[in-house]
Amino acid sequence: MPGDAKTLEAGGSLFTRKAVQRLAVAAFGLAASVSCWLILRSPADDQLADLHVYWGGTRWVEHGLALYDFHAENGDPFTYPPFAALVMAPLARLPFGAAGVMWTALSLLTIVGVGRLVAGRALHVAPSRRLTTSWLVAVGVLASAPGQSDIHFGQVSLFIVAAVLADGLGATGSRWHGALTGVAAAVKLTPLLFILYLAVTGQRRAAANATAGFMVATGLAWLVMPRDSTQFWTSAIFASDRVMDLTALGNQSVNGMLLRAGLAPGALTGVWVVLVGSLVIVALWRARQLTQAGQAERAVILMGCATVAASPVSWTHHQFWTVIAGVLLLGTTGQARRIAGALLLILMTINAGTIVAALGTPTPGAGYLADNLRALAACMLCTSALLAMSDLRLPLPASASVPHRWLRTRPRLVAVTLTTALIGFLVLPVPSRATLAVTPSSAAAAVAQVTAAWPTCYPTASCGTAGPLYPVNYSVDFTDRGITVSGLAAADVTRVEYLPAPGRPSIPIPLGRTPTGDQAFEFTTGDTTYGQLLVFGTHAQPLGEHGDKLRTG
């Protein structure tokens with residue numbers, strides 16, 4: 001009987017494990033199918049939008065045109081280093097439909113590979129449970145906001161994270177450790193921070209391999225594409241206006257968080273340098289501790305979170321590292337860490353800002369806090385001991401100073417930091433969602449209003465005090481209804497949008513054609529303190545932000 005009982009117990013356990021595995025595989029298949037269906041349901045100009053940039057950019061170069069003059073049909077430019085165009089050159093040989101199918105299939109397979117990497121080399125799951133855990137991790141990654149964003153846009157971010165993760169977790173072998181990270185950094189610059197991590201943690205050979213990989217890949221691109229390489233490394237790399245609107249909520253980096261706080265441009269750079277510099281130093285210190293404690297895999301994931309927080313732009317599809325950190329916490333020991341991991345995975349799957357906005361926010365700061373929770377989570381993962389299996393209390397000499405000893409008291413430091421941050425966010429003077437209502441006038445009403453309001457200069461191409469009409473000229477009037485903005489747009493302007501505040505959705509403003517060929521627009525809003533007027537030309541080409549008069553009132 002005892003033997004039979006053990007057999008039944010083992011059989012029951014095996015059956016349960018297989019059942020969970022089948023359920024996980026089915027869930028991944030369902031999630032993958034829904035993701036593909038959503039791509040097909042999207043408008044034609046929004047299907048795999050970023051893949052359009054890669055595919056179109058490589059074709060553009062093959063016709064002898066300058067890579068960084070390229071814009072896709074939706075207006076997005078090619079923003080990656082020239083080596084990325086070389087890597088993606090095979091896409092140009094395929095029709096876009098075939099390229100999209102291949103790219104999506106490779107993305108889904110890569111997510112499965114990430115699941116295997118995390119289960120086997122980060123969570124160190126026993127071989128008997130590794131396959132089941134791999135599929136569970138893959139489901140979590142695919143269902144997350146970064147996973148869905150990457151699949152929807154046809155992004156390269158997943159491949160970059162997978163390459164660095166495989167390299168950092170030792171899947172490439174000790175001889176070539178670091179080289180794949182360097183090559184990945186030549187495709188997209190964010191992994192460059194890992195080279196500094198390798199040097200600081202004493203992995204000199206890996207740091208040398210990473211540096212060599214980056215230099216060889218970049219040098220190869222320079223030989224093949226000298227004009228484009230010169231343009232990228234001397235000018236395009238510094239043109240932040242090429243990377244969409246950095247204040248959008250999808251940019252969950254420290255820079256995006258500061259931009260949404262409405263800091264003055266003069267103060268923004270200094271504050272960002274101090275915060276990011278401090279964050280990177282603390283993250284490197286934590287990573288060095290983890291490596292010395294034999295937890296190098298956790299150090300790699302921590303540094304991935306640091307790249308999310310420190311990069312000037314970290315769109316949703318960049319934030320896989322935060323999801324992986326949540327998986328690691330959920331699969332580790334300790335109830336507090338598991339709860340933190342579960343909360344982190346929920347945060348990286350649902351949009352807290354949207355939920356808080358629907359429920360109503362008691363203060364502007366509360367809405368701002370919800371909108372930036374993912375950025376704050378990445379920062380906290382860099383500075384806390386959450387990713388450590390222990391408290392990492394390394395030996396200190398007896399002569400260590402009192403402040404140094406106090407800093408080692410993790411719970412107190414974390415509590416003080418979080419309390420201070422929460423108080424700061426709740427009192428920040430960010431715009432309230434309730435005051436951002438915008439009412440655009442119809443095209444006909446805008447024409448009538450502008451011709452009546454500006455009789456002395458209309459219909460000439462110059463009105464008001466702002467000079468010639470290019471691309472827009474407008475007036476700002478305070479009325480009983482609120483603040484009315486009315487003006488003219490040049491004939492080649494195809495779209496005008498009003499952004500009530502950084503991080504909020506932009507609102508299309510109807511354009512009415514005047515008898516002289518110019519265009520008129522008008523809208524009313526309750527607050528223009530943070531307003532931006534975005535203007536676009538033919539082929540959705542951005543013509544800049546023209547909201548100076550809005551913000552000066």
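Buried here means under 20% relative accessible area. All views show a predicted model.

View 1. Buried positions in α2 are Ala49, Asp50, Leu51, Val53, Tyr54, Trp55, Gly56, Gly57 and Thr58. These buried residues pack against three helices: α3 (82-87), α4 (96-122) and α6 (145-153). After α2 comes glycine 64, which has a positive phi near 80°.

**View 2. Contact of helix α5 (residues 127-143) with α6.** Two packed helices are described by the angle between their axes and the distance between the axes. For α5 and α6, the axes come within 4 Å and cross at roughly 70°. Angles of 65 to 115 degrees count as roughly perpendicular, so α5 is roughly perpendicular to α6. On the α5 side the contact is made by Val141, Leu142 and Ala143, and on the α6 side by Ala145, Gly147, Gln148 and Ile151. By residue class, the contact of α5 with α6 holds 5 nonpolar, 2 polar and no charged residues.

View 3. Strand β8 (residues 532-536) runs antiparallel to β4 and is joined to it by 5 bridges. In this pairing, valine 496 stands opposite valine 535 of β8. Strand β5 (residues 507-509) also pairs with β4 in the antiparallel sense, over 3 bridges. Here glutamate 497 stands opposite proline 508 of β5.

Definitions and conventions: Residues numbered from 1 in each chain as written. Predicted model: local features only at pLDDT ≥ 70, side-chain atom pairs only at ≥ 80, totals over all residues. Heavy atoms only, no water. Buried < 20%, exposed > 50% of the residue type's maximum accessible area, 1.4 Å probe, protein only. Helix = DSSP H or I, 4+ residues; strand = E, 2+ residues; numbered from the N terminus. Contact = heavy atoms within 4.5 Å. Pairing = 2+ DSSP bridges. Axes fitted to C-alpha atoms, helices over the stretch in contact; angles between N-to-C directions. Parallel < 35°, antiparallel > 145°, perpendicular 65-115°, else oblique. Nonpolar A, V, L, I, M, F, W, Y, C, P; charged D, E, K, R; others polar.
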